[in-house]
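User: I would like to go through the terms used for this structure. Please set each value against its definition.

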Amino acid sequence: MIRLLLPLVFALPATAQTPRIGAAGAVSGNVSAGAGSSRRALKSGSEVFHKDSVTTDAKGRLQVMLLDQTVFTVGPDSNIVLDEFIYDPFTDTGKVTAQVTKGVFRFVTGKVAGKKPADMKIKIPAGTIGIRGTFGAGSVGANGDTLVGLLGPGSDNNGDERVGGLDIDTGSDSQSLDEPGTGVTVKSDGDVSEPFTLTPEQTAALNAGDSGEGSGGGSGGASSSSGGTGGGDDGDESASASAGQDTARAAESSAETGDLGDASSDLGEDSNTAAQAAAGAAGILDGIATWNDVRTVQSGQAHYYLSGAAGSWNLTTCNSGSCANNSEGSMSFQMNIDFGARTYGGLGSFISGSDSDTTVGSVSASTTIDVASFAALDGSARITDVEGVCSAVIDLINVGGSAAHQASATLNYNTGSTVGSGTVVAPRFDGLIPQ
């Protein structure tokens, strides 16, 4: 009976109670949601509802994670309408439809598209984007012209879809994208260009909603550079790596990061995996995990991910004195975990942080997380790493009976005269970091 009712819940008429279909994370700037004149402000951890029209201002950005693990990242001056969401968590079937009328957006497919790719579509002014299990993006201009790009491979998306791609159809013209790093221009009159290789500038434009580093970033060691006064939105000019899987960015503060973790945990309860259920049955206690807890998950690959967490990494000492402008930097973290092979790290795993101050200019720090085995480790599931002036501590965290459901990552930077630090809590998502 439940299986028959659940898909209908999300198709209720507007006069009934509007159903919750996901949660917001990484909210910064002014972001609102609602229908018509009835709108509400969103913050990290806020619920998102069926038919919500989500709008950001010139400094606004957020991510929306739906119950089937579909993720939309929305950039500044953008609007996205969550037109349709039907999902049966018992069968992973349903429909996902979103409409983007302006601005920058990115998406990672979830379980609905993984089960049946034709059941997820994104509407743009002149047509639709059909999605075959992948990571892509688009930018809708003021005149309705749209740049659409395939940014990541389809093999490591949340929907476990082996072959990924995008099908763009305007009714009068169509094209398909099958190679990561390619794109098309969709004119407002319905004409679609031939596929072309995205330039670095186009890729950066498609990543304008991200304020931190993306998958595959952070190549070894720590770095510090003096770049004048810094200022502005920290890290906004640094685009995510084009082959990343953007599944959950950070919140505005450590408290809101916790909100995002709570929201992700709630969503996980609605669409749990078999591995998580097995861990819960083993009597996993919430809190910092032990390596024995982690080993109760005996198969599967996953990664932890947060990008551009505003206000999460900050300079505390500048040239042996106080920092002048008390700025709020950002932090990014991603790390692989292979439960079957019992390893963590490697293949693009890193922690990075950046901040700026008029005293020392811009400061960036990062450390890579090399692959290592946890097959014989005992005690708390804690990972430590030191690279030059940077040190990192990562704790795996049990949530709701799910072993290693989140990871808390702390990055410290200390040159003796300049000190910075920060912590984020990252949710866990299926599949290794895309390369």
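Analyst: What follows takes the terms one at a time. The model is predicted, so local features need pLDDT of at least 70 and side-chain atom pairs count only at pLDDT 80 or more, while totals for chains, interfaces and linings use all residues. Residues are numbered from 1 along each chain as its sequence is written, and side-chain values use heavy atoms, with hydrogens and water left out.

User: Why is Ile 168 called buried?

Analyst: Buried means under 20% relative accessible area, exposed means over 50%, and partly exposed is in between (1.4 Å probe, protein chains only). Ile 168 has a relative accessible area of 2%, so Ile 168 is buried.

User: What is Ile 168 in contact with, leaving aside its neighbours within four places in sequence?

Analyst: Contact means heavy atoms within 4.5 Å. With those neighbours left aside, the contacts of Ile 168 include Thr 128, Val 148, Leu 177 and Val 192. Ile 168 itself lies in strand β14, residues 165-169. Strands (E, at least two residues) and helices (H or I, at least four) are DSSP runs, numbered from the N terminus.

User: What makes the disulfide of Cys 318 and Cys 323 right-handed?

Analyst: The torsion about the S-S bond is about 90°, so this disulfide is right-handed.

User: Why does Cys 323 count as buried?

Analyst: Cys 323 has 18% relative accessibility, and this is under 20%, so Cys 323 counts as buried.

User: What is a nonpolar core, and how many residues has the largest one?

Analyst: A nonpolar core is a set of buried Ala, Val, Leu, Ile, Met, Phe, Trp, Tyr and Cys residues joined through side-chain atoms within 4.5 Å. The largest has 40 residues, and Leu 62, Phe 72 and Leu 166 have the most contacts inside it. Strand β9 (residues 93-108) gives the most to this core, with five residues. A second, separate core of 38 residues includes Trp 291, Ile 351, Ile 394 and Ala 409.

Notes
A disulfide is a pair of cysteine sulfur atoms within 2.5 Å.
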